[in-house]
Amino acid sequence: VTSMVLQIRRHIDAHLSDPALGADQVAARFALSRATLYRLFEPLGGVADYIRARRLRRAFFALRARELANLRISDIAQRCGFASM
């Protein structure tokens, strides 16, 4: 189970910029039911919260990055996979 969660977490991190990334997409990619995926991520606060937290973390570091200082916040949000602001 732990290795499966690690694989899923790697997949999520690799696809954070995709606004379509969500429980359904992840479950389909790993041939899991939504219920199984939710059970796997329950200790981490749930899969949706995990994805949101990873996106927020990425956005935080992008906002602090000097090389991205010329970007608008909405551009950074879009790069981090947030579909709407």
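This is a predicted model: local features need pLDDT of at least 70, side-chain atom pairs count only at pLDDT 80 or more; totals for chains, interfaces and linings use all residues.

Before the helices, one definition. A crossing of two helices is called right-handed if the near helix is turned clockwise from the far one by less than a right angle, and left-handed if the turn is anticlockwise. With that in hand, α1 crosses α4 in the right-handed sense. The residues that make this contact are Arg9, Ile12 and Asp13 on the α1 side, and Val47, Tyr50, Ile51, Arg54 and Arg58 on the α4 side. Sorted by class, the residues in this contact of α1 with α4 are 4 nonpolar, no polar and 4 charged.

The axes of α1 and α4 come within 10 Å, and they cross at roughly 45 degrees. Angles of 65 to 115 degrees count as roughly perpendicular and those under 35 as roughly parallel. The pair α1 and α4 is therefore oblique.

Next, the chain as a whole. The protein chain has 5 helices and 0 strands, and along the sequence the pattern reads α-α-α-α-α. Along the principal axes, the C-alpha atoms fill a box of roughly 40 × 20 × 20 Å. The protein chain has 85 residues, and 31% of them are buried. Taking contacts between residues at least 6 apart in sequence, 55% join residues at least 24 apart.

Back to α1, with another partner. How do α1 and α3 pack, and at what angle? The angle is about 95 degrees, and the axes of α1 and α3 are 11 Å apart. That makes the two helices, α1 and α3, roughly perpendicular. From α1, the residues Met4, Val5, Ile8, Arg9 and Ile12 meet Leu37, Leu40 and Phe41 of α3. The classes in the contact of α1 with α3 are 7 nonpolar, no polar and 1 charged.

The largest nonpolar core has 15 residues, and the members that touch the most others are Ile8, Ile12, Val26, Leu37, Phe41 and Val47. Two or more residues of this core come from each of α1 (2-14), α2 (23-29), α3 (34-41) and α4 (47-64).

Take Phe41 from that list. Beyond its neighbours within four places in sequence, Phe41 is in contact with Val5, Ile8, Arg9, Ile12, Gly46, Val47 and Tyr50.

Now a few single residues. Is His11 buried or exposed? Histidine 11 is in helix α1, and the cut-off for buried is under 20% relative accessible area. His11 has 9% relative accessibility, so His11 counts as buried. Leaving out residues up to four places away in sequence, His11 touches Leu21, Gln25, Val26, Arg29 and Phe30.

Alanine 31 sits in the loop between α2 and α3. Ala31 counts as exposed because its relative accessibility is 72%. What is the phi of alanine 31? Phi of Ala31 is near 55 degrees, which is a positive value in a residue other than glycine. For background, most residues other than glycine have a negative phi.

Last, phenylalanine 60, which is in helix α4. Phe60 has 44% relative accessibility and so counts as partly exposed. Phe60 and Phe30 are 30 residues apart in sequence, and their C-alpha atoms are 29 Å apart in space.

That is the end of my part.

Definitions and conventions:
Residues are numbered from 1 along each chain as its sequence is written. Side-chain values use heavy atoms; hydrogens and water are left out. A nonpolar core is a set of buried Ala, Val, Leu, Ile, Met, Phe, Trp, Tyr and Cys residues joined through side-chain atoms within 4.5 Å. Buried means under 20% relative accessible area, exposed over 50%, partly exposed in between (1.4 Å probe, protein chains only). Helices (H or I, at least four residues) and strands (E, at least two) are DSSP runs, numbered from the N terminus. Contact means heavy atoms within 4.5 Å. Axes are lines fitted to C-alpha atoms, for helices over the stretch in contact, and angles run from 0 to 180 degrees between N-to-C directions. Angles under 35 degrees count as roughly parallel, over 145 as roughly antiparallel, 65 to 115 as roughly perpendicular and the rest as oblique. Ala, Val, Leu, Ile, Met, Phe, Trp, Tyr, Cys and Pro count as nonpolar, Asp, Glu, Lys and Arg as charged, and the others, Gly among them, as polar.
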